[in-house]
Amino acid sequence: MNKQQLASKIWESANRMRSKIEANEYKDYILGFIFYKYLSDTEVKFLKGKEFTDKDIQELTEEDADTRTFVQDNIGYFIAYNNLFSTWIKKGKDFDVSNVRDALSAFSRLISPTYKKVFDRIFNTLETGLSKLGDSSGAQTKAINALIQLIKDIPMNGRQDYDVLGFIYEYLISNFAANAGKKAGEFYTPHEVSLLMSEIVADHLKDRTKIQIYDPTSGSGSLLINIGASIGKHIDKKNNIKYYAQELKENTYNLTRMNLVMRGILPDNILTRNGDTLEDDWPYFDESDPIGTYNPLYVDAVVSNPPYSQAWDSTNKENDPRYAGFGIAPKTKADYAFLLHDLYHLKPDGIMTIVLPHGVLFRGGEEGEIRKQLIECNHIDTIIGLPANIFFGTGIPTIIMVLKKKRPTTDVLIVDASKGFVKVGKNNMLRASDIKRIVDTVVGRTADDEKFAKLVSQEEIRKNEYNLNIPRYVDSSETAETFDIYASMFGGIPQSELALLNKYWHTFEGLKEELFTNDGSPYCTLVVEDVEQTIKEHPSVSTFKQNYTKAFDSFAAFLKEELIDKWSTLSISKEEALISHDIFRRLEPITLVDKYNAYQVLDDEWIATANDLEILQSEGFDAAKQVDPRMVARKKGSQEEEVQDGWIGHIIPFELVQAKHPDLKQEADAIKQKVERLAEVQAAREEIAESITEEEGLSDEDKAKDRKLELEAKKLKKEIWEKEAMLHEHTKEMIEALTQEEVVQLLEAKWIEPLVTKLLALPGSIIAQLISHIRTLTEKYATTYESVASEIEETKASLSALMDELTGSEYDIKGIKELQKLLKGE
């Protein structure tokens, strides 16, 4: 299974296994065991690289001082054979919770003094929490055994960007965050927000060869890691990135260190502190060598997502250099204390991004004064308004603020990105296209769409008394629908409302005149009966579609060269950007098509393609000919167990092979016909069953008919089962026997054809939007007051005439006459 499937499987099992333990607590246990497995596997890999045999490794003991010191000096710690994760697995039924306690205790004792800052007390949360996994030693052993069996198959090599471990770790953290309620904010910044901040920072630092980045409220460390990954796309030597982190809570601080170590970051590049950022700031120095280790910490980039509007101790901070010249944040809201802390630690040419509640943009008092000083000192570069409900555990609106110590311009870019998102469960989530649009706007410092972004001068901000509330500058609200009084009364379509569709009329020359006539008044009349047909068949629309298709004529060939011809050497992390650049280039002369919609199409397809490329680069091209057991959960008594149910393609889906290979397609079509016939038979039996009445029951003729249908259904089910099994086996054999040329053709069908097809469908959606706009507009004014009034009068006259024919008593007739007077308006 690919990393997405493996991560999903582990999450589902872990979530089920945690039972009544809070998600926020359970994450520390499973992530701790994953980290221990990583350290164990890393030691074994290191030793085998130094030509240690399996027998040598089995003889590893703490008492072997030479080997112990050799390992410690190279990887920073030592784990004896009896304490290796793989040894726990081999113990089988002999495994006991005491093995874990002994191993964790030994680990703490055997850390190299040089690596103490990275590994010291890193398993403290796990050690102290083992007792929560069960009421007895036996219960704890059972729970831990289930956990280690669950994670034993996670590969730890990280080779060729095949970072399965990192992906699973991040996946688990995000899912635990989604289930942790308000506590999620303590350790997790949603990946999409993290990625947005990372891309902005990475662009600013892309030309540097050595980089220092710092997160003063690091949580799980995911924000730092994403920044590093984004910067890593621009520099060749990833070991030239140094990571600084500070975190208040010990369990979360441990997550930061684990996460950084597991991403293969050199221990020398990891500098972390467990403490209160606002009360216990850098400079850092080692007490044994204060002069030699003194570091005031000025970095290239600071990124943070601090706790929102948290109370803090603001007393005696007047002389703190972090706040000098700006002011002290109010004691009830530390937002600006964190912001000024971050700014202080920037180098003059650095950049910082910080997530804050949107109240920091307009609240008065001390915050208003700090905001004024930040503007006047020209530090605020960009403000990005995020969608509401984007963070786990809180629905409050948030912003990202980008600041620099030195800027070439004095304006502030204000971006309202609050409308671009997709709903996922209870939360809103930025899409890839939303992130791309924001990053391009910030990096390019463009404000082409007045409903999305605006460059605001210092003078305008001063006039607004330093209030930076986004709606003051960018109005992203939808245009309210209006109704033209004249058109509502007498009909016609207002020219002013047709003008709202000018972007279409500019591209589709002559189409407006084909659809509407105008007598010189401010109103038009629709003159065609079939709007859809007229639009789709208009020459300008046909030309638009032809030009678009022509722009992508060579796109499939470009993708084949990039993805298939270069599969072994391409950089997966950089490839999507390269392809998107090509798509944007092709779209330059094309109007109406939003390039970010095209980017979203690419990203939707890229996720699966990137997974496949990771597997191919890690395992070789023959991995495409591999099939894996399809494992499913089946109930066995009160327990669920995994059993094999056929096979699945390691890369190539069975369904794709069956669709592309003539013989298999013929088999699949034959099965489809039988399935359709079975549905007809079942429907016929249901019809017979519904015809039964309590009085008459079922006739002999219907009984015979139903019996015949029943026998046919049984026969069909048997045949379908047999033929599906046969098709499944034939497909497996076909995949395993594929030639290289056939693999290439199937990869084209999987990676390239769907992307090209979806991109070529974009003009159709634009034309459909125009058709919808025209229909809505014509229906809006189709019923006028004049026609309604006329219809009412006709109805009144008709009703009055009918009343003339009514008969009744003297009093009935008198009442009818009076009603007729009312209808006639007398």
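Asn389 counts as partly exposed, since its relative accessibility is 22%, a value that falls just outside the buried class, for which the relative accessible area has to be under 20%. In this predicted model, Asn389 is placed in the loop between β6 (380-385) and β7 (398-403), and its phi is positive, at about 60°, although the residue is not a glycine. A positive phi without a glycine also occurs at Glu465, where the angle is about 55°. Glu465 belongs to the loop between α18 (458-463) and α19 (485-490), and with a relative accessible area of 67% this residue is exposed.

**Overall layout**

The protein chain is built with 34 helices and 16 strands, and its C-alpha atoms fill a box of roughly 120 × 85 × 65 Å along the principal axes. Of its 826 residues, 47% count as buried.

**Nonpolar cores**

The largest nonpolar core has 111 residues, and the residues with the most contacts inside it are Ile30, Phe33, Ile34, Phe35, Leu39, Phe119 and Phe123. Helix α2 (residues 23-49) supplies the largest share of this core, with 14 residues.

**Aromatic pairs and charges over rings**

How many aromatic pairs does the structure hold? The count is 28. In one of them, the ring centres of Phe107 and Phe123 are 5.2 Å apart and the planes stand at 85°, so this pair is edge-to-face, given that planes over 60 degrees apart are assigned to that class. Because Phe107 lies in helix α6 (residues 97-109) while Phe123 lies in the loop between α7 (116-119) and α8 (124-129), the pair ties together parts that are 16 residues apart in sequence. Both Phe107 and Phe123 are buried.

Another edge-to-face pair is formed by Phe552 and Phe555, with 5.5 Å from centre to centre and 90° between the planes. Phe552 counts as buried at 5% relative accessibility, and Phe555 counts as buried at 1%.

Ring pairs also link residues into a cluster, which consists of Phe33, Phe35, Tyr36, Tyr38, Tyr77, Phe85, Trp88, Phe95, Phe107, Phe119 and Phe123. Phe33, Phe35, Phe119 and Phe123 have already been named among the residues with the most contacts inside the largest nonpolar core.

| Charged residue | Ring | Distance from the charged end to the ring centre |
|---|---|---|
| Arg273 | Trp282 | 5.0 Å |
| Lys732 | Trp647 | 4.9 Å |

**Helix α4 and its two faces**

Which residues of helix α4 (residues 65-75) are buried? They include Thr67, Val71, Gln72 and Ile75. These residues cover an arc of only 130° around the axis, which puts them on the same side of α4. An α-helix has 3.6 residues a turn, so residues three or four places apart point the same way. The face of α4 turned away from the buried side carries Asp66 and Asp73, which are exposed. The buried residues of α4 are covered by elements that include α2 and α7. After α4 comes Gly76, whose phi is positive, near 95°.

**Thr778 in helix α32**

Thr778 is found in helix α32 (residues 762-780) and is buried, with a relative accessible area of 18%. This value lies below the 20% limit for a buried residue, whereas Asn389, at 22%, counts as partly exposed. The side chain of Thr778 reaches the backbone oxygen of Arg775 at 3.0 Å. Leaving aside residues up to four places away in sequence, Thr778 touches Ile493 and Leu526.

Note on methods: Residues numbered from 1 in each chain as written. Predicted model: local features only at pLDDT ≥ 70, side-chain atom pairs only at ≥ 80, totals over all residues. Heavy atoms only, no water. Phe/Tyr/Trp six-rings, centres within 6.5 Å; stacked < 30°, edge-to-face > 60°. Helix = DSSP H or I, 4+ residues; strand = E, 2+ residues; numbered from the N terminus. Buried < 20%, exposed > 50% of the residue type's maximum accessible area, 1.4 Å probe, protein only. Lys NZ or Arg CZ within 6 Å of the ring centre and 35° of its normal. Core = buried A, V, L, I, M, F, W, Y, C linked by side-chain atoms within 4.5 Å. Arc of directions from axis to C-beta. Contact = heavy atoms within 4.5 Å. Polar contact = N/O pair within 3.5 Å; in protein donor to acceptor, adjacent residues only side chain to side chain.
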